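Colleague: Please take a close look at one part of this model for me. I would like a connected account that I can follow with the structure open.

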Amino acid sequence: MITHPSFRLFLLVIHVLAFGQPGAMAQADEEKKSKQQIRLIFLSCPEDTGELKLVSKNEDEARVVHHELKPRAPFISDWIEVPAGSLFLAEQHNEKTSSVGVITLRPGIPRAIALLKPSGKGRTYTVEILDPSKLDFKQGTTLVANFSQRTTGVTLGTNKLSLKPGECKVMEPAAESNGMYRAMVDYTDDEGRQILTYDRYVKRSDQGRQFLLLM
């Protein structure tokens, strides 16, 4: 995350978000295909965040724990098998257990991505659910989400796109002749000046399975 005196940019870039080895889904049995999975991505969290539990309630209103994790900023969980419906992030803080986030997972999303960031109200989180299949987010592509209040330009190698505040797009990075991706982020300020906020080189790798950039 880069901080500018008049602008704070929070941009998420996810590349090849671990959809498993090629053909893995095709080889899964019918029972496995019918189950839903979710992956939690914490964009930020309080420094003193303790262990969180991802829970749901069964037909008897009893709590069912699906996963336990201790996030940091940033943090990506494993794929977690869960039922559709309401899921809760439960935190025990100062010997008190409370819900700090609600995740609503619609049926029919085989693998969903949940983006979590502090809501600004206590220790709770806001949650945005992404359906990769609807976004055409697949192996070899990059998901870019703009969490800033400015229209932002993003360059990955020789490809560039523009995102409005809150917008999410998928792009395919194209390596330059040197085999590197130049990753750049910029925005236009109130005076019409182009402000570069991020500029790094990322090496292309055929073995690369997953990486997360927070800029």
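**A strand residue and its surroundings**

Modeller: Leu-116 sits in strand β11, residues 111-118; strands here are DSSP runs of E with at least two residues, helices are runs of H or I with at least four, and both are numbered from the N terminus. This is a predicted model, in which local features need pLDDT of at least 70 and side-chain atom pairs count only at pLDDT 80 or more, while totals for chains, interfaces and linings use all residues. Residues are numbered from 1 along each chain as its sequence is written, and side-chain values use heavy atoms, with hydrogens and water left out.

Leu-116 counts as buried because its relative accessibility is 0%; buried means under 20% relative accessible area, exposed means over 50%, and partly exposed lies in between, with a 1.4 Å probe and protein chains only. Leaving aside residues up to four places away in sequence, Leu-116 touches Leu-40, Ile-41, Phe-42, Leu-43, Ser-44, Leu-89, Tyr-125, Thr-126 and Val-127, where contact means heavy atoms within 4.5 Å. Leu-40 is 76 residues from Leu-116 in sequence, yet their C-alpha atoms are 7.3 Å apart.

The loop between β11 and β12 (125-130) holds Arg-123. Arg-123 forms a salt bridge with Glu-91, with 2.8 Å between the closest N and O atoms; the term requires a side-chain nitrogen of Lys or Arg within 4 Å of a carboxyl oxygen of Asp or Glu. This pair links distant parts of the chain, 32 residues apart, with Glu-91 in strand β9 (residues 85-93). Glu-91 is buried because its relative accessibility is 3%, whereas Arg-123, at 23%, counts as partly exposed.

By this rule the model has six salt bridges. Another of them joins Asp-189 to Arg-193, the closest N and O atoms being 2.7 Å apart. Arg-193 also meets Glu-191 in a salt bridge, at 3.5 Å from N to O. Through shared partners, Asp-189, Glu-191 and Arg-193 form one network. Their accessibility classes are as follows: Asp-189 is buried at 11%, Arg-193 is partly exposed at 47%, and Glu-191 is exposed at 63%.
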